[in-house]
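Biologist: Please put the model up, and then we can go through the ligand site and the packing.

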Amino acid sequence: MLTKVIEQAKIDHFSKWFVRADKVVIVSHVSPDGDAIGSSLGLYHFLESQGKTAHVIVPNAFPDFLRWMPGSKDILLYDRYKDFADKLIAEADVICCLDFNTLKRIDAMEDAVAASPARKILIDHHLYPDDFCRITMSYPVISSTSELVFRLICRMGYFGDITKEGAECIYTGMMTDTGGFTYNSNNREIYFIIGELLSKGIDKDDIYRKVYNTYSESRLRLMGYVLSNMRVYSDCNAALITLTKEEQGKFAYVKGDSEGFVNIPLSIKNVCFSCFLREDTEKPIIKISLRSVGKFPCNELAAEFFNGGGHLNASGGEFFGTMDEAKAVFEQALAKYKPLLTANG
Ligand code: 5GP
Ligand code: MN
């Protein structure tokens with residue numbers, strides 16, 4: 001049995017909308033990850049099974065290793081099909097906002113979603129959600145939005161209608177947001193849910209292989225190169241890896257190739273904080289990814305130094321300037337947080 005994480009009044013409220021809604025739009029954040037796509041498609045498959053007309057719309061492309069997911073071919077990319085997507089958003093009965101806590105995270109879609117007269121519901125697990133939806137289901141203690149989608153469907157009384165395809169999507173989001181159940185994954189109910197998803201016929205080992213073991217040769221070589229230039233700050237229990245646009249060019253870089261790199265330095269003994277600085281291919285910025293283990297709040301550091309935010313152990317931000325300037329800011333941040341980093345290591 002699962003704990004009732006989502007308040008009953010919110011389940012009842014959404015159930016009322018659900019009965020009457022025909023056209024449902026699901027939106028998720030820019031540069032969608034496994035949980036953004038997994039939760040969106042998990043909900044999409046459920047809505048389709050109930051005879052609703054559902055569309056998943058995301059701001060831009062998602063990584064290749066998620067393309068196998070059932071329903072992924074039907075996802076609309078806003079940066080390619082803006083006019084059609086704007087029409088769907090404007091005419092929707094209900095808009096489900098998944099895996100983000102502020103409209104800024106859906107980039108160019110922000111205005112269209114804000115202006116739509118549709119009823120809006122937020123289903124998310126990021127801290128401090130903005131108040132932009134009539135129903136806000138925000139539970140930062142839950143490790144993925146996909147898990148919340150599973151909980152919502154079950155609480156509405158439709159566990160029996162979850163298909164194998166829907167279960168595969170939900171499992172993928174739960175798996176990717178916990179690094180294959182290696183962090184934020186001590187809640188035993190996660191494993192109860194996995195048992196339920198397995199009862200739908202999913203092959204969890206095959207999903208793992210499709211997500212984590214289908215990279216290109218050039219990505220593996222890029223990883224070797226990036227790690228060979230890694231800088232370890234032993235006195236701060238921290239490590240830094242970087243990737244410039246020029247270096248990306250040498251390794252036939254495609255979007256998503258550096259996914260997961262930021263976690264690797266955490267496998268060094270005593271390193272409890274890792275930073276990855278990458279020159280963006282689309283915008284003139286340095287994209288920052290931060291990861292920590294234990295209590296070190298990398299979201300606070302991201303907010304203070306990199307105009308960003310996120311979770312305690314996984315956060316990010318953006319920097320307007322050169323790679324050298326970003327490195328200098330990172331080292332300033334290290335100096336400031338050194339007492340906390342050494343206490344945590
Ligand atoms: P990643 O390193 O995988 O890009 O991001 C990890 C987490 O950090 C995301 O799930 C998100 O919560 C947060 N994050 C990443 N980039 C940004 C950003 O630019 N601004 C904010 N507020 N959060 C971010
Ligand atoms: Mn998530």
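Biologist: By class, how many nonpolar, polar and charged residues does the shell around ligand 1 have?

Modeller: This is a predicted model, in which local features need pLDDT of at least 70 and side-chain atom pairs pLDDT 80 or more, while totals for chains, interfaces and linings use all residues. Residues are numbered from 1 along each chain as written, ligands from 1 in the order written, and side-chain values use heavy atoms, without hydrogens or water. Ala, Val, Leu, Ile, Met, Phe, Trp, Tyr, Cys and Pro count as nonpolar, Asp, Glu, Lys and Arg as charged, and the others, Gly among them, as polar. The shell has 1 nonpolar, 9 polar and 3 charged residues.

Biologist: Which strand supplies the largest share of the shell around ligand 1?

Modeller: Strands are DSSP runs of E, at least two residues, numbered from the N terminus. At least two shell residues each come from β10 (286-292), β11 (309-310) and β12 (314-319). The largest share, 4 residues, is from β12.

Biologist: How much of the accessible area of ligand 1 does the protein cover?

Modeller: Accessible areas come from the Shrake-Rupley method with a 1.4 Å probe. On its own, ligand 1 has 500 Å², and the protein covers 76%.
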